Amino acid sequence: MKARRDVYQAIADPTRRAIINMIASQPHNVNAIAEKFDVTRQAISLHIQILTDCGLIKVKQQGRDRVCEAQLQQLSEVSAWVDQYRQHFESKLDAMEQYIETIMSDRSKNKK
C-alpha cells in the first residue's frame, strides 16, 4: 500500500522547500538541483518524487534531461490554513493593543 502524501508533508522538509524555491522562478534539471545540495543524487531524487507525488512539481523528459517545473497551486491550501491562524493572532494583538492604550490612558489621567 502506497502512503498518501500531501502538500504539508512535502513542505515539512527544508531540502524540499529549498528545491521548491530553486525551481519556482525557472525549471531546472535534476542534475542541476542535485549539485546545489550536499546529499546524494539518490536523496534528491527521493525528494523530487515526494514533491511530484504531492503535485508541487512536474518532471518532464527533455531529451536526456529530466526537468523539474514548479506547480505551486497546491500551496494555496497551506496559505488558507495559515490565514485562519493569522486572523486569530491578529485579533489577539489588536486586543492587546487596546489594553495597552487603556493602561496608558489611565496612567496619564492619574498623573494629572
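**Exercise 1.** Identify the residues that form a nonpolar patch on the surface, and classify Leu 93 by accessibility.

Solution. Step 1: Leu 93, Met 96, Tyr 99, Ile 100 and Met 104 form the nonpolar surface patch, and their accessible area together is about 540 Å². Patches comprise residues with over 30% relative accessible area and no salt bridge; nonpolar side chains (Val, Leu, Ile, Met, Phe, Trp, Tyr) are joined within 5 Å, and like charges within 9 Å. Areas follow the Shrake-Rupley method with a 1.4 Å probe, and for residues only the protein chains shown count as cover.

Step 1: Leu 93 belongs to helix H5; helices are DSSP runs (H or I, at least four residues), numbered from the N terminus. Leu 93 counts as exposed because its relative accessibility is 51%; the classes are buried under 20%, exposed over 50%, and partly exposed in between.

The model is predicted: local features need pLDDT of at least 70 and side-chain atom pairs count only at pLDDT 80 or more, whereas totals for chains, interfaces and linings use all residues. Residues are numbered from 1 along each chain as its sequence is written, and side-chain values use heavy atoms, with hydrogens and water left out.

**Exercise 2.** Determine which residues form the negative surface patch.

Solution. Step 1: Asp and Glu count as negative, Lys and Arg as positive, while His and the chain ends are not counted. The place of a charge is NZ of Lys, CZ of Arg, CG of Asp or CD of Glu.

Step 1: The patch consists of Glu 90, Asp 94, Glu 97 and Glu 101. Glu 90 lies in helix H5, which covers residues 75–111, and is partly exposed because its relative accessible area is 42%.

**Exercise 3.** State how many salt bridges the structure holds, and describe them.

Solution. Step 1: There are two salt bridges, each a side-chain nitrogen of Lys or Arg within 4 Å of a carboxyl oxygen of Asp or Glu.

Step 1: One joins Lys 60 to Glu 69, at 3.3 Å from N to O. Lys 60 is partly exposed at 35%, as is Glu 69 at 25%.

Step 2: Arg 86 pairs with Asp 83, with 2.1 Å between the closest N and O atoms. Both residues lie in helix H5, three residues apart, about one turn of the helix.

**Exercise 4.** Is Thr 15 buried or exposed?

Solution. Step 1: Thr 15, in helix H2 (residues 14–24), counts as buried because its relative accessibility is 18%.

Step 1: Beyond neighbours within four places in sequence, Thr 15 contacts (heavy atoms within 4.5 Å) Phe 37, Ile 44 and His 47.

Notes: Helix = DSSP H or I, 4+ residues; strand = E, 2+ residues; numbered from the N terminus. Buried < 20%, exposed > 50% of the residue type's maximum accessible area, 1.4 Å probe, protein only.
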